[in-house]
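Here is a friendly walk through one protein model. Have the viewer open as you read, and follow the headings from helices to sheet to domains.

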Amino acid sequence: MINENIKEIIGKEYKCLNKGFVRLIDIMGDDSSIVQAARVSYGKGTKSVNEDLSLINYLMRNRHTSPFEMVELKFHIKLPIFVARQWIRHRTANVNEYSGRYSEMKNEFYIPESEQLRLQSAINKQGRSEELVDNETSDTVIEQMKNTQEFLFTEYENFLDKKIAREIARINLPLSTYTEWYWKIDLHNLFHFLELRLDHHAQYEIRVYGEVIADILKLAVPYAYTAFEDYMLNSVNLSKKELTALKEIISFDKFDQINFDSHRLKGRELSEFKEKIKKIINI
Ligand SMILES: Cc1cc2nc3c(=O)[nH]c(=O)nc-3n(C[C@H](O)[C@H](O)[C@H](O)COP(=O)(O)OP(=O)(O)OC[C@H]3O[C@@H](n4cnc5c(N)ncnc54)[C@H](O)[C@@H]3O)c2cc1C
């Protein structure tokens with residue numbers, strides 16, 4: 001189960017937005033490390049690839065998360081400061097960022113594509129709607145953004161020419177300025193990050209990075225990533241109120257006619273599902 005893909009993706013630059021990127025610098029472990037760690041708690045356990053796969057699925061399904069912490073990933077990421085502010089809220093990673101006190105900031109700014117210039121959403125107070133702005137407004141806004149960035153960067157350079165300290169000269173630079181960091185995180189916490197940042201509620205610009213990291217994980221830890229998609233990303237958490245409503249919607253008399261096999265539900269997983277259905281019926 002040693003993963004040969006890792007050699008190909010280490011160091012590769014995956015472009016994000018207009019000037020950003022994600023590079024996987026290093027990885028410790030792969031799918032087999034998760035299985036290996038789990039076997040310490042479950043004894044010798046399984047041996048075949050299929051059994052390893054179902055063990056990973058079992059761990060993910062039952063939130064037995066610590067084996068996933070055995071895989072560590074270190075990334076080099078270039079991102080606009082406003083994306084970095086959202087990203088840094090994920091506290092379970094190690095970060096080392098480019099220093100604007102030590103080094104000069106670069107003349108690199110994020111400019112959205114015109115299709116990302118949308119109107120404020122009326123439903124989601126935190127986000128943009130599907131509605132595009134007209135071409136004229138879009139061109140004007142983009143032009144204004146570019147002009148302001150250029151003006152502020154010229155001012156920054158002027159301050160530096162006057163020998164003002166870099167740590168002060170940079171303070172008027174906008175949130176669209178690009179920064180860079182090394183970011184190290186274990187797979188369990190990375191899945192948590194992705195669950196939040198791949199969701200459509202997350203801002204598009206951070207989602208772009210989430211999608212690239214997801215593509216890297218598909219190659220680096222394919223079994224764990226599939227389990228993440230099945231049991232975290234595409235699963236649904238329902239409240240008691242929602243379950244009560246669902247009980248009215250579901251027709252339980254058809255339960256015995258369902259071809260569970262065609263839904264990849266069998267064995268222990270099928271028993272667990274039936275337990276959940278019983279819970280809904282009894283609610
Ligand atoms: C769509 C979206 C909108 C958001 N909007 C806002 C907003 O408007 N304003 C805002 O301030 N933030 C906002 N956030 C950030 C959000 O509140 C979280 O800070 C961020 O998503 C990190 O999540 P986390 O704490 O679970 O992750 P991590 O920091 O990676 O933590 C992972 C888990 O570890 C545990 N943990 C870590 N540190 C601690 C601790 N000190 N104490 C207890 N448990 C801990 C928790 O169980 C936590 O879930 C938003 C996030 C999203 C995805």
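## Two helix pairs

A crossing is left-handed if the near helix is turned anticlockwise from the far one by less than a right angle, and right-handed if clockwise. With that in hand, α7 passes α8 in a left-handed crossing. The helices meant here are DSSP runs of H or I with at least four residues, strands are E runs of at least two, and numbering starts at the N terminus. The model is predicted: local features need pLDDT of at least 70, side-chain atom pairs count only at pLDDT 80 or more, and totals for chains, interfaces and linings use all residues. Residues are numbered from 1 along each chain as its sequence is written, and side-chain values use heavy atoms, leaving out hydrogens and water.

The α7 and α8 axes come within 9 Å and cross at roughly 135° (axes are lines fitted to C-alpha atoms, for helices over the stretch in contact, and angles run from 0 to 180 degrees between N-to-C directions). α7 and α8 are therefore oblique to each other; under 35 degrees counts as roughly parallel, over 145 as roughly antiparallel, 65 to 115 as roughly perpendicular, and the rest as oblique. On the α7 side, the contact (heavy atoms within 4.5 Å) is made by L187, L190, F191, F193, L194 and R197, and on the α8 side by I206, R207, G210, I213, A214 and L217. By class, there are 9 nonpolar, 1 polar and 2 charged residues; Ala, Val, Leu, Ile, Met, Phe, Trp, Tyr, Cys and Pro count as nonpolar, Asp, Glu, Lys and Arg as charged, and the others, Gly among them, as polar.

Now look at α3 (residues 49-61) and α9 (residues 222-233), which pack at about 40° with axes 9 Å apart. That angle makes α3 oblique to α9, and α3 passes α9 in a right-handed crossing. V49, L53, I56, N57, M60 and R61 of α3 meet Y223, A224, A227, F228, Y231 and M232 of α9. These residues divide into 10 nonpolar, 1 polar and 1 charged.

## The sheet and its helices

What is the strand order of the open sheet? Its 5 strands run β1-β2-β3-β7-β4, with antiparallel pairing (two strands pair if DSSP finds at least two bridges between them). β1 (13-16) and β4 (94-97) are the edge strands, each pairing on one side only. From one strand to the next, the twist averages 20°.

Strands β3 (residues 72-80) and β7 (residues 178-186) pair over 9 bridges in the antiparallel sense, and E72 stands opposite D186 in β7. Helix α7 (residues 187-197) packs on the sheet, touching β3 and β7, with its direction at about 125° to that of β7. Helix α8 (residues 204-220) also packs on the sheet, where it touches β1, β2 (20-28), β3 and β7; its direction makes about 35° with that of β2.

## Domains

The domain assignment gives domain 1 (1-110 + 177-235), domain 2 (112-175) and domain 3 (240-282), with bounds that come from an automatic or database assignment. The C-alpha centres of domain 1 and domain 2 lie 29 Å apart. Where the two meet, 19 residues of domain 1 are in contact with 15 residues of domain 2.
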